[in-house]
Amino acid sequence: MTLTERSAKLQGLAAKYHLGDVGLLAGRLLLSLIFLHEGATRAAHFNAAAKAMAALGVNLPLFVATVALQLGAGLSLASGLLTRLGAIALGLFCLATAMLFHTNFGSQNELLHFEKDLAISGGMFVLAVAGAGRVSLDRLLALHLRQRQRGEDMPAALPTAETQLPVDVKQLV
């Protein structure tokens, strides 16, 4: 078996078992973990976290919005509901965090956090483009809306179908 044939066989198996969708699920869960953990920790220790953020110049309304974003968008990614929106929001959040809080490149720790935030932001933008995949609430919602749309289209299509029949339907009833 040639390398090309092996590659084609592996691609066929991956498509058959939806490995890309499983990969998207794993990626979503791993990316959401840090935000869910940080948001839950800040919410659980609200007063101490608010004081620490105030020392960095983050006021209380912005701190509350940060916790809400981390928890809300983190749940969005984990569940696969409004995934693209959650990924864009978290991607922009990570860019802002990197640019505002981790710019002391003389400190190896700050440089590491800057690079980590950039990498997470990149992953979020890739996820925003790729979408949640088949294993998500986004897909279930899309299937439900398509099914509902078909149900609404059916009554509207019936009068049109009746006028196209060669036999007068009203005489048959």
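A residue counts as buried when its relative accessible area is under 20%, and as exposed when that area is over 50%, with partly exposed in between. Keep that cut-off in mind for this predicted model. Phenylalanine 93 has a relative accessible area of 19%, so it falls on the buried side.

**Around threonine 66**
- Helix α4, which covers residues 60–79, is where you'll find threonine 66.
- Leaving out residues up to four places away in sequence, threonine 66 touches Arg42 and Phe93.

**Aromatic pairs**
- The count of aromatic pairs comes to 3.
- One of them joins phenylalanine 35 and phenylalanine 93: their ring centres are 6.5 Å apart and their planes sit at 70°, so this pair is edge-to-face.
- Phenylalanine 35 belongs to helix α2 (residues 19–44) and phenylalanine 93 to helix α5 (residues 83–101), so the pair ties together parts that are 58 residues apart in sequence.
- As for phenylalanine 35, its relative accessible area is 4%, so it's buried.

**Phenylalanine 105 and phenylalanine 114**
- These two rings also make a pair, and it's edge-to-face because the planes are at 70°, with the centres 4.8 Å apart.
- Are the two partners buried or exposed? Phenylalanine 105 is partly exposed, at 45% relative accessibility, whereas phenylalanine 114 is buried, with a relative accessible area of 13%.

Key:
Residues numbered from 1 in each chain as written. Predicted model: local features only at pLDDT ≥ 70, side-chain atom pairs only at ≥ 80, totals over all residues. Heavy atoms only, no water. Helix = DSSP H or I, 4+ residues; strand = E, 2+ residues; numbered from the N terminus. Contact = heavy atoms within 4.5 Å. Phe/Tyr/Trp six-rings, centres within 6.5 Å; stacked < 30°, edge-to-face > 60°. Buried < 20%, exposed > 50% of the residue type's maximum accessible area, 1.4 Å probe, protein only.
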